[in-house]
Amino acid sequence: MKRKIFFTPGPAAIYPGVEQFMQEAFEQQITSISHRSNTFRSIYQDTFEHLKALLSIPEGFAILFTGSATEIWERIMMNCVAESSLHLVNGSFSKRFYQTAQLLHKSAHKVEAPLGEGFEPNKIQVDYKAELIALTHNETSMGVAMPSEDIHSFREAYPNRIIAVDMVSSAPYPNLDFQKVDTAFFSVQKGFGLPAGLGVWIVNEQCLAKAEALENKGLVTGTYHRLTNMWAYFEKFECPCTPNVLGIYLLGRVAKAMLEKGIQKIRKETEEKAKMLYDFFEADERFNLFVKNAKHRSATVVVANTVPPAKEIIEGLSSQGLQIGTGYRAFKAQQIRVANFPAVSLEDVEQLIQALKKC
Ligand SMILES: *Cc1c(COP(=O)(O)O)cnc(C)c1O
């Protein structure tokens with residue numbers, strides 16, 4: 001069967017080499033080894049070191065593994081907030097982070113932007129009580145991004161709050177300064193081009209201290225996956241429960257492959273491919289761009305409104321072996337989403353644009 005090229009925003013195209021890495025994992029029998037062995041510890045350590053180098057994560061941060069990014073929303077709210085958090089909401093993922101806080105009976109506040117729009121940080125007043133500010137680097141449902149400088153500006157304006165960044169559908173693209181971010185997270189089936197089933201939680205000592213303070217006050221921060229317990233295991237490169245060893249191994253291999261390619265090159269190519277897509281949709285009269293402000297357009301998830309029914313475009317591409325994403329929920333009928341993750345090459349994007357012309 002001829003293979004499709006996936007431009008879907010998650011699960012997404014598989015990063016080049018993953019099939020080979022998976023085969024090597026089975027040859028090395030890593031799916032049978034004990035998660036309390038030196039072999040596993042060195043897999044965890046390698047993955048940690050490669051991610052640390054790839055994302056320029058300084059000392060004082062742990063990288064912890066969960067089942068998903070959705071789980072990390074819950075971990076952050078339980079471990080880093082006693083009472084109150086502030087959420088910037090402009091789509092369904094940022095909204096679910098906010099709802100997670102509500103479900104845990106935190107006093108959650110939100111600042112909302114209309115769908116398709118981003119935020120101007122200097123216009124946002126953070127409630128004096130909010131202990132944590134929840135930001136979404138890339139709102140996948142709407143294709144709206146928050147520039148890294150804008151994320152950093154929150155630390156400058158509010159030095160004593162915990163700054164949490166959802167970078168699920170953009171990592172490793174955003175060049176975050178981790179001196180200005182306390183915790184960030186992603187799951188692997190998006191920009192890292194891996195099979196789903198692993199959440200990656202980057203978290204600093206301030207967050208750990210906060211979790212300790214909450215426990216000292218008698219608050220429940222979780223059970224096996226409470227931050228204090230995860231961090232204690234991380235110090236010996238282990239996890240509290242039997243982790244997704246294959247996922248952790250593959251993530252380490254992909255992070256290493258990305259380092260070898262060069263993160264600057266990956267970021268530059270992401271921008272080139274995004275420009276090709278935006279230029280095409282802007283010029284073709286069957287499409288218009290959903291995100292009007294160029295500053296807030298996502299480099300990794302490109303959203304276009306369609307004049308013909310979106311279904312026709314999606315099916316036209318599918319018959320040419322190319323799979324793009326539908327618009328999110330209410331936008332399904334007249335919108336398409338194209339993921340521009342590192343796994344899709346410049347040639348893939350050229351092929352997509354040629355195929356779109358024929359739809
Ligand atoms: C996909 C996504 C999530 C949830 O990721 P899971 O791996 O499904 O838990 C969270 N935030 C954003 C921005 C996403 O795109």
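**View 1. The largest nonpolar core of this predicted model has 118 residues.** Within this core, the residues with the most contacts are Phe186, Phe192, Leu251 and Phe281. Helix H8, which spans residues 245-261, supplies the largest share of the core, contributing 10 residues. Apart from this core lies another one, made up of 9 residues, and among them are Val144, Val301, Val303 and Phe341.

**View 2. Helix H10, covering residues 310-318, is shown with its buried and exposed residues.** The buried residues of this helix are Ala310, Ile313, Ile314, Gly316 and Leu317. When H10 is seen down its axis, these buried residues fall within an arc of 160 degrees, so they line one face of the helix. The face turned away from that buried side carries Lys311 and Glu312, both of which are exposed.

**View 3. The buried residues of H10 are shown with the elements they pack against.** Four of these partners are strands, namely E11 (287-289), E12 (301-306), E13 (322-326) and E14 (335-339), and they are joined by helix H11 (346-358).

**View 4. The largest cavity of the model has a volume of about 70 Å³.** A search of the whole structure finds 3 cavities of 30 Å³ or more. The lining of the largest cavity is formed by Leu88, Asn90, Gly118, Phe119, Thr136, Val144, Ala145, Met146, Pro147 and His296. Sorted by class, this lining has 6 nonpolar and 4 polar residues, while no charged residues take part in it.

Terms used. Residues numbered from 1 in each chain as written. Predicted model: local features only at pLDDT ≥ 70, side-chain atom pairs only at ≥ 80, totals over all residues. Heavy atoms only, no water. 1 Å grid on protein atoms, 1.4 Å probe; cavity = no way out; pocket = protein on both sides within 12 Å on 5 of 7 lines; lining within 4 Å. Points joined across faces, edges and corners; volume = space filled by probe spheres on them. Nonpolar A, V, L, I, M, F, W, Y, C, P; charged D, E, K, R; others polar. Core = buried A, V, L, I, M, F, W, Y, C linked by side-chain atoms within 4.5 Å. Buried < 20%, exposed > 50% of the residue type's maximum accessible area, 1.4 Å probe, protein only. Helix = DSSP H or I, 4+ residues; strand = E, 2+ residues; numbered from the N terminus. Arc of directions from axis to C-beta. Contact = heavy atoms within 4.5 Å.
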